[in-house]
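Here is a request: read the structure below and work through the questions that follow.

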Amino acid sequence: MAALVALTGSALADGVASRNTVGYQTYSFATADDYMHNIGVTFKNLGSADGSYTITTNLFDTALQDGDALLIFNPAAYNYDYYTFYTDVDGNGTKAFGVMFGDLVSDDAIVYSITINKGDNVLFMPAGGNDAVVSGEVQASGTATVTFTPDDVNLGIIPIANPFPIETKMSDLTFLQDGDALLIFNPAAYNYDFYTYYSDIDGNGTSGFGIMWGDLVSEDSVVTDPNTVILAAGQGGLYMPGGDRTWTVTLNY
């Protein structure tokens, strides 16, 4: 569960009014069985020139604890690189991440920082079940665009984050074309729910998603209701477009 609040200076605002508006988003577990925060990064870091976040001992605004884990998708491996945070990685009090790479071939490594950008998707498994908080510059009200370009580097698999401070419904995904796929991680299955978009899913011109559920047990589904929530506020996933796509978003705060 994610909640977003926008601030201008130090005062709470009813909405987002300028490019310099700072917002923060809190991710909390709804039940005792939850264990993973799905973080779609919708902010830019005001403290860096390119808006990226450098993760060392804090995940955004949350202090990391021993055993906390970050899963970041590695398209070359079609799997996650698994980062585990240690408060003493070498017996000398050094804080760092141990990394098991998603290709399961590269030797495990120790890294001291991770770079995360706006639009990235990070899965966070806090060892103690803690909340996570992300803050940064909120996209200004008005028209914004997000461009997705499949290439040899990302192998056609691109992180996607909900750019709205509200739920993104199927009707908001106006950029999708036939055969495009969205992969939304399903923690209960520890796998993806795989959404494939069709412009004519029933032979009557109705658009919608065919969904193969990550548990590989539930029967495949078809969703055609334009009000179906695909990405919750602050949530992310992976996008596999059939070509270049541009998502034009009108943000009205």
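Mentor: In E19, the residue paired by a bridge with Phe185 is Tyr192. The model is predicted, with pLDDT of at least 70 needed for local features and 80 or more for side-chain atom pairs, while totals for chains, interfaces and linings use all residues. Residues are numbered from 1 along each chain as its sequence is written, and side-chain values use heavy atoms, leaving out hydrogens and water.

Trainee: How many bridges join strand E18 to strand E19?

Mentor: Strands are DSSP runs of at least two E residues, numbered from the N terminus, and two of them pair if DSSP finds at least two bridges between them. E18 (residues 181–186) and E19 (residues 191–198) run antiparallel, and the number of bridges joining them is 6.

Trainee: Which strands stand at the edges of the open sheet?

Mentor: The order is E16-E23-E18-E19-E20-E21, with antiparallel pairing. Each edge strand has a single partner, so one side of each is left without a neighbour in the sheet; they are E16 (158–161) and E21 (221–223).

Trainee: Which residue forms a salt bridge with Arg245?

Mentor: The rule asks for a side-chain nitrogen of Lys or Arg within 4 Å of a carboxyl oxygen of Asp or Glu, and the count comes to 1. Arg245 lies in strand E24 and its partner in the loop between E17 and E18, so the pair ties together parts 65 residues apart in sequence. Both are buried, meaning under 20% relative accessible area (1.4 Å probe, protein chains only). The closest N and O atoms are 2.9 Å apart, and the partner is Asp180.

Definitions and conventions
Helices (H or I, at least four residues) and strands (E, at least two) are DSSP runs, numbered from the N terminus. Buried means under 20% relative accessible area, exposed over 50%, partly exposed in between (1.4 Å probe, protein chains only).
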